Amino acid sequence: MYIIFLGAPGAGKGTQAAGVAEEFGLVSIATGDLFRQAVERGDDLGKKVREFMAKGALVPNEITVQMVLNKLAAPESGKGAILDGFPRNLGQAEALDEAFKKKKQKIDSVVYIKVEEKELIRRLSGRWVCRSCQSPYSIQGALTEEQKKCARCGGELYQRPDDNLETIKNRLKVYFSETAPLISYYRNSGRLIEVDGEGAVGEITQRIIQALRKKTCKNK
Ligand code: ADP
Ligand code: ZN
């Protein structure tokens with residue numbers, strides 16, 4: 001089973017991908033996380049993508065598509081995967097469909113997580129992430145020393161450099177102009193599942209799992 005998670009920055013793709021991947025025994029491939037790890041390592045890939053990420057711009061397709069296809073070809077992706085943050089424009093979506101067609105496989109479902117713009121900005125500007133396990137937290141205002149520790153692993157929480165208001169606004173602009181058109185691309189091919197992304201994390205996870213189960217039954 002291959003699933004795409006589509007939605008604006010702050011829609012909760014990463015959080016939900018983790019829960020849904022666990023439920024179905026899939027790996028989750030998050031392009032943003034892969035790029036951030038490369039920047040942290042300071043390797044060739046990291047040097048190439050750093051500037052784009054800092055501005056909130058998209059990394060060029062030739063770099064991104066290659067990285068994702070490599071990940072999909074790895075043995076751990078053999079049972080299926082959730083793509084979180086990819087594709088993000090029409091070129092990437094077409095390259096992905098093309099690559100799957102060659103392998104005689106397909107993207108089964110595209111989960112579109114819908115959240116209002118005002119809520120997106122609120123979430124992104126209050127987002128803290130664990131340096132060790134990448135768990136996200138949503139905390140508004142200043143943090144106490146106790147709050148700066150990850151509840152899951154004790155790691156240190158930090159704010160992503162692209163989670164400042166100016167860059168957030170640019171990421172949303174890029175999302176609405178480049179990524180949002182993918183909603184109709186996948187709707188037209190009958191693969192889109194729309195899920196309300198507002199509410200408690202666990203509830204949204206259940207909504208997605210139910211919708212995927214229903215869709216998989218229909219396809220059989
Ligand atoms: P968010 O969804 O919150 O904006 P991500 O962690 O998914 O954050 O992505 C962070 C940054 O990584 C993006 O702003 C962009 O620069 C880069 N990036 C991630 N995925 C892609 C992609 N599919 N194509 C191009 N750039 C990407
Ligand atoms: Zn942690």
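Colleague: Is Arg-122 buried, partly exposed or exposed?

Modeller: Let's work it out together on this predicted model. Arg-122 has a relative accessibility of 39%. Buried needs under 20% and exposed needs over 50%, so Arg-122 counts as partly exposed.

Colleague: Which residue forms a salt bridge with Arg-122?

Modeller: Look within helix H6 (residues 117-125), at a residue three positions from Arg-122, about one turn of the helix. The closest N and O atoms of the pair are 3.1 Å apart, and the partner is Glu-119.

Colleague: How many residues apart are Glu-156 and Arg-131?

Modeller: Their side chains meet in a salt bridge at 3.1 Å, N to O. Glu-156 sits in the loop between strand S6 (136-138) and strand S7 (157-158), while Arg-131 sits in the loop between strand S5 (127-130) and S6. The pair links distant parts of the chain, and the separation is 25 residues.

Colleague: Which strands stand at the edges of the open sheet?

Modeller: The sheet has five strands in the order S2-S3-S1-S4-S8, with parallel pairing. An edge strand has a single partner, so one side of it is left without a neighbour in the sheet.

Colleague: What is the bridge partner of Ile-3 in S4?

Modeller: Strand S1 (residues 2-6) pairs with strand S4 (residues 109-114) in the parallel sense, over four bridges. In S4, the partner of Ile-3 is Ser-109.

Terms used. Residues are numbered from 1 along each chain as its sequence is written. Chains are lettered from A and ligands numbered from 1 in the order in which they are written. This is a predicted model: local features need pLDDT of at least 70, side-chain atom pairs count only at pLDDT 80 or more; totals for chains, interfaces and linings use all residues. Side-chain values use heavy atoms; hydrogens and water are left out. Two strands pair if DSSP finds at least two bridges between them. Helices (H or I, at least four residues) and strands (E, at least two) are DSSP runs, numbered from the N terminus. A salt bridge is a side-chain nitrogen of Lys or Arg within 4 Å of a carboxyl oxygen of Asp or Glu. Buried means under 20% relative accessible area, exposed over 50%, partly exposed in between (1.4 Å probe, protein chains only).
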